[in-house]
Amino acid sequence: MTESAREDRRPVLVRLGRLAIGAWVVFTALFGVYWIEQVLRGDEFARQAENNRERSVPVTAPRGLILDRNGTAMAENEPSFALLLYRRETLDLDGSLQFIAGLLGHSRDDFLKKVERDRTNYDFVPVVLEENLTLAEVGAIQARALEHPEFVVQISKRRIYKNGTVAAHALGQLGEVTSSQLVKLSGRVRPGEAVGQKGVEAAYQDLLAGSSGARTFIIDSYGRETAELERVEPVPGNTLTLTIDLELQQIAEAYFANRVGAAIALDPRTGEILAFVSAPSVDPNLFTRRVSRKEWSEILENPNHPLNDRVLQNLYSPGSAWKPFVAYAILKRGIQPGERVFCSGAATFYGRSFRCHGVHGSVDLPTALQVSCDVYFYTMGKRLGIDELAEAGHAFGFGRLTGIDLSHEKAGIVPSNEWSLSVRKHPWYPGETISAAIGQGPVLVSPLQMARAFAALANTDGALPTPHLFHIGENFRSGERFIYRPPVRESVPFAPGVRETIVEGLWRVVNVPGGTAYASRVAGLDICGKTGSVQVIGQKDTKKAHLLPNELKDHGWFAGFAPRNNPKIVVVVFVEHGEHGSSAAAPLAARLCAAWLQKNRPAVPEAPGIARAGAGPETPPVGAGNGG
Amino acid sequence: MSRLAVVLPRRIDLIFLLALVVLTAVGVAMVYSTTSGTFRADLSSRQLLFAGLGLAAAAVLVSIDYRILLQYSPWLYGASLMVLVYLALFGSRIAGAKSWIRLWGGFQIQPSEFVKLSAALLLAWVLENDDRTYASGKTIAAIAGAVGAPVVLILLQPDLGGALTYFPMALTALFFGGLRARWWILLIVVGAVLGGGSWFLLKEYQKDRIRTFLDPNLAAQGAGYQVRQARIAIGSGGIAGKGWMKGSQSRLGFLPVRHTDFIFAALAEEWGFLGVSGVLALYGLVLARGFAIARDARDRGGAMLTLILSINITVEALVNVAMNVGVLPTTGITLPFVSYGGSSLIACWGMAGLCLSVAYRRFVNV
């Protein structure tokens, strides 16, 4: 670094001069561009700026309709009005919120929370402040539109469930999308939008939702729309036809108007669910608007838990309705159906006395089913052991999910040695087998599993269908149809004569005097089934059962199918605290069988207690043609 | 003190200083206009605070002899690179990039802005030590390395715009260091090939910006929306503008990032072609005074430092101005001294301080 080196600046000065010229050129060029844009084309852009206030409004796609199997609407849409806030039109957010809170009589803080929630969104995306405005509120807002262009009333469609609580648990409900759902459904749903939260609405969210569109407007400085720039039409959701038969559904709903429990009817050959009742239930229309705190706490505090889906989420002891599957285990062992057991009203096993509900004398297997003789099944259960009973239960689909197209199904418990060791950490006590043989003890099943198992008894080939609610999906525009595709078919391997023996017993239950459901027989229908009563308290005097308070009364089961030859319907009815399956559950089962068979074969006589006009011009049921 | 009062105005380049003060004031006014009435209304007072900090930083740098800084520049540079390495390894992502270090009180700093200062010092030091008409291969390699290291580290954050701001610096250093015509040609060819190749490395949103730049009308509401709205804002300003705080495009929220990247469009809308001309003239003045300081500098290092810094400021300004009107693609380069941003404003005033320090010591016999 010598002084001379520092002073040799000629190359640098030459380069400085060149760069200065370059800089002049660039500066002049930019001046020129801005001159053209601002001075020469200034008026043109000024007009655009004046007119060009674009506003984009999302258009939510109409949600697909949900129909019953005959095409009657169960869930539709009706117009509703939502209040949108355009933040970029807002100069004084606080003042705007104060104004609208006063106008609608709401708290300003509620609105502020919604604005806060959308803070990370672009400011040209409107915030949904309030949904389901009344016409009076819409009028009040429109009247002040000139002063408050930041508020816009959007007309959209609201879900409406025409029949209120009918099939509420099957249909499910809508609710505002949660943040985890937003992630899962990324891009397909916007914050604040409603998505299916339960039932079919949730299971077929993608099918029903369609895809939303958008309208882009140019608005003037007063917030009036002057032209539509762009319009992306929403694609409506697909129409969803369920397997439910609304008529059967309503018969069952009416029966459960003052009862608690579940009823399920299905086509044994296909697994199509014809009726799906879990009572009590909550009107899904409640959830399409904001549920008030009071309404919500009423729902939560209801002792009958109306949000529980009793068809597939509540587990119950099967009681005597378990006996057909024990009968299967007996016959599978090779024990002759004619072998007799003497019932004296009680029997002693492992030093303890087990009671029967009657004195049946000498009974064979079909008779034991007919009169529901506990002593017969105690004796046989002891001979078989718990593992053979468990094997039979598993063969009929108990202890695992049925595969229904709804979520949150429960698997239940089929006790065995292995189960006892892995869950209870101690071996199975042989004494427990006695009560397990009559469906008491740790055995737990859902009504849906019971229906599926009875379908296997109904089907001559022992097929174990997958119950489902989805029947047909149809594209709104193209008419393209999607039909339910059943998963791999399972079946119960009946040895020759086994099924026929059990069915004989089940037929006698309803159709031969002394059968536990003889009172519910319908001449000509040939209903086969099994009743069951589940003790809520352990030891009691059955003679005084009617004196017990309701919550201590037995639960009643009836599970069955009809007709005996070529069965077309399986029905399971479960009534909580209904005392006896024969009196509480069987009558509804008979009505459902009668109604369904009458639809299929109009010559069938009417069931007692059902006044039905002829099934004249109705669409023929689709069930028969859809096997597979 | 009395001597200082006589000496200071003579030795401080007042025109350079005043031009930058006016630009900073314009910036605070525009940040106020573009953010008032929104939930970011506190940004203009924060910008005023940053301006004060920037002036203080400049005063400190004027008082230090830049020759000492040049001497220690490899150490300063190394230390600042360490910060970038730290960010790449342990930085937390803010708005998708590991570009920031969180401070107390909701403030955060962007170290890449300050690395520019140490990189400029290092480049000046390298050029001071090679006074041939055409730079040696070693010098060229040193320049490439000095700029390449922070560029790679900033690309890792990832911050494409931040990395791009280092290129004017490297080109200035090469230009004044002396590069033969055939090397320039090679550089352009390599640049074009790398530029074309890097298309495949760009993120989709970055590609969108370039596509939008090529045809802004293609996507009216999508990526082209920003560019179109900015052009409408600028054009609608006309000759005299709509008046401060009266720009409908910016105040109604049509302009994107209107207090940072697109603040010039907001200025053009509110202050018109007259305001645009005035601000452009101020940048021209900064460049002209930078050239003058370099010409009068007492040594080659000081001249190079002033050239690198003043050209860097001007090029960023011109790129931003061109980007606002849609002549260049949106790259996230802000308008120096005007756009909102603490790190950027303080670093810019640091650059100004270094230039003023060179001017302050231009007389050998002091």
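**Close-up views of a predicted two-chain model**

View 1. A:Ile264 has A:Val572 of β23(A) as its bridge partner. The model is predicted: local features require pLDDT of at least 70, side-chain atom pairs count only at pLDDT 80 or more, and totals for chains, interfaces and linings use all residues. Residues are numbered from 1 along each chain as its sequence is written, chains are lettered from A in the order in which they are written, and side-chain values use heavy atoms, with hydrogens and water left out. Strand β11 (residues 261-266) and strand β23 (residues 569-575) of chain A run antiparallel and are joined by six bridges. Strands here are DSSP runs of E with at least two residues, and helices are runs of H or I with at least four, numbered from the N terminus; two strands pair if DSSP finds at least two bridges between them.

**View 2. The open five-strand sheet of chain A.** The strand order is β12-β11-β23-β22-β21, with antiparallel pairing. At the edges stand β12 (273-279) and β21 (528-534) of chain A, each pairing on one side only. Neighbouring strands of this sheet are turned against each other by 5 degrees on average, direction ignored; the axes are lines fitted to C-alpha atoms, with angles from 0 to 180 degrees between N-to-C directions.

**View 3. Strand β10 of chain A and its two partners.** From β10 (residues 239-242), A:Thr239 and A:Thr241 point one way and A:Leu240 and A:Leu242 the other, and all are buried (under 20% relative accessible area, with a 1.4 Å probe and protein chains only). In a regular strand the side chains alternate between the two faces of the sheet. Strand β2 (residues 66-67) of chain A runs parallel to β10(A), joined by two bridges, and A:Ile66 stands opposite A:Leu240. Strand β18 (residues 470-474) of chain A runs antiparallel to β10(A), with four bridges; here A:Thr241 stands opposite A:Ile472.

**View 4. The contact between chain B and chain A.** Chain B contributes 60 residues and chain A 40 residues to the contact (heavy atoms within 4.5 Å). The buried area is about 4,300 Å², of which carbon and sulfur atoms give 64%; this is the accessible area (1.4 Å probe) that the two parts lose on being put together, summed over both. One salt bridge is counted between the chains, a side-chain nitrogen of Lys or Arg lying within 4 Å of a carboxyl oxygen of Asp or Glu. B:Arg231 forms a salt bridge with A:Glu37, the closest N and O atoms being 3.0 Å apart.

Key:
Buried means under 20% relative accessible area, exposed over 50%, partly exposed in between (1.4 Å probe, protein chains only).
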